[in-house]
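The following exercises are to be worked with the sequence and the model in view. Each task is followed by a stepwise solution.

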Amino acid sequence: MDTVPRHRSTEFWCQSIAPLAFLGVMLAAWWGYFHLSTDTSNTLGPSNETLFLIDAMITMPLVCFFLIKDKKKALLKGVVLASVTLFIGSFLIPTSEQYWLPSLLDARYLVIALFVIFEIVTVMSIWLLIKREFNTGTDPDLAMLNGIARYMPPGTLRQLWWFEVRMWAYFLFPSKMAGLRPEGDRHFDYWKKDDNHTNALGFIMIIAFEVPILHLLLHFLWSGVAANIVTALSLLGLVFFIAERNAMKLRPISLRYGHQSHDNELIIRYGLSNPLIVPLSHITQISSHQGAVKRTAHRRRFNFSGAPNIKLILQPTEHGAVTEIYLGVDDPDDLLRTIAQSMQQREYG
């Protein structure tokens, strides 16, 4: 029976469910105050809005810091939820009581400008990486990371930029990516499983079809600015799906044999996701799997559609909180057999 340790489920509740639940209760309370209360006159001036802004920009991030142990995740989630709260507040608070909120919402144009600059710099960096780092036989992930490491220290921003570079590389230069050899001695594909590659094409066609229609509807029913923002985000999503589809065939899961004192390693690449390297000595059990897998803090799932068909159990002290990895591959028997043989050869020398 597949059970989740109590401390794992509590951690998942604190990190994912509790902040959203607090946000929902807070917004419901403010909606009731502004729209149901009989004592909402303007005698207090901007103080009603000020209290809402304190809840959005101070209370909400503090709740995230209190509930989430990883302070980087807490900061990111706090900023995101505070931004969502401000946006929803523009609809909750009557226009006559909005004093500071419109100015805060105007800051979104600065955020959009920084985002556009970030994407332009990413695309330009890809061209420089291709000319300098990419060579025949070079692992593309390592080439991208080596190029990024010249300008950015380790951390969350480097991981984010690494992902962005990978997305644009597989979108703009799929033929160049196909000429590079991923690191590893044995490769295992996953693009045929449950028609992943074909399903991705279907999503691409749906997005491409709905973008112009949605743009016109938003332009005439809401505003031109909203239509442009949603269209830009939709086009970015289209870029992601095209790059993801290209990466399915070109970024396999690989087994890298160790040399001398080095351990054999499983390199998990899945679509555009950052690679995860798992030493085989850290795997305590590997088996076939059937059925859906619920999302929890101690699990990682690499599967596009259907149910994963491989389950890895890791030592609880390795890879942070991750103790289970689920994979969806084209030929699970081949992967099981190969890893089992490699683990046995390593054990008996």
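Rings of Phe, Tyr and Trp (its six-membered ring) pair if their centres lie within 6.5 Å; planes under 30 degrees apart count as stacked, over 60 as edge-to-face and the rest as tilted. The model is predicted: local features need pLDDT of at least 70, side-chain atom pairs count only at pLDDT 80 or more, and totals for chains, interfaces and linings use all residues. Residues are numbered from 1 along each chain as its sequence is written, and side-chain values use heavy atoms, with hydrogens and water left out.

**Exercise 1.** Determine which residues the ring pairs link into a cluster, and classify the pair of phenylalanine 240 and phenylalanine 241.

*Solution.* Step 2: ring pairs join Phe163, Phe203, Phe240 and Phe241 into a cluster. Step 3: the ring centres of phenylalanine 240 and phenylalanine 241 are 5.6 Å apart and the planes stand at 75°, so this pair is edge-to-face.

**Exercise 2.** Classify the pair of tyrosine 190 and tyrosine 270, and state where each residue lies.

*Solution.* Step 1: the ring centres of tyrosine 190 and tyrosine 270 are 4.0 Å apart with planes at 15°, so the pair is stacked. Step 2: tyrosine 190 is in the loop between β1 (186-188) and α9 (196-221), and tyrosine 270 in the loop between β3 (265-268) and β4 (276-279); the pair therefore ties together parts 80 residues apart in sequence. Helices (H or I, at least four residues) and strands (E, at least two) are DSSP runs, numbered from the N terminus. Step 3: tyrosine 190 is buried at 0% relative accessibility (buried means under 20% relative accessible area, exposed over 50%, partly exposed in between; 1.4 Å probe, protein chains only). Tyrosine 270 is also buried, at 4%.

**Exercise 3.** Describe how helix α7 packs with helix α10.

*Solution.* Step 1: α7 (residues 156-172) and α10 (residues 224-250) pack at about 80°, with axes 8 Å apart; axes are lines fitted to C-alpha atoms over the stretch in contact, and angles run from 0 to 180 degrees between N-to-C directions. Step 2: the two helices are therefore roughly perpendicular (65 to 115 degrees; under 35 is roughly parallel, over 145 roughly antiparallel, the rest oblique). Step 3: the contact (heavy atoms within 4.5 Å) includes Phe163 and Trp168 of α7 and Phe240 and Asn246 of α10.

**Exercise 4.** Is helix α6 largely enclosed or largely open?

*Solution.* Seven of the ten residues of α6 (residues 140-149) are buried, so α6 is largely enclosed by the rest of the structure. Among the buried residues are Pro140, Met144 and Ile148.
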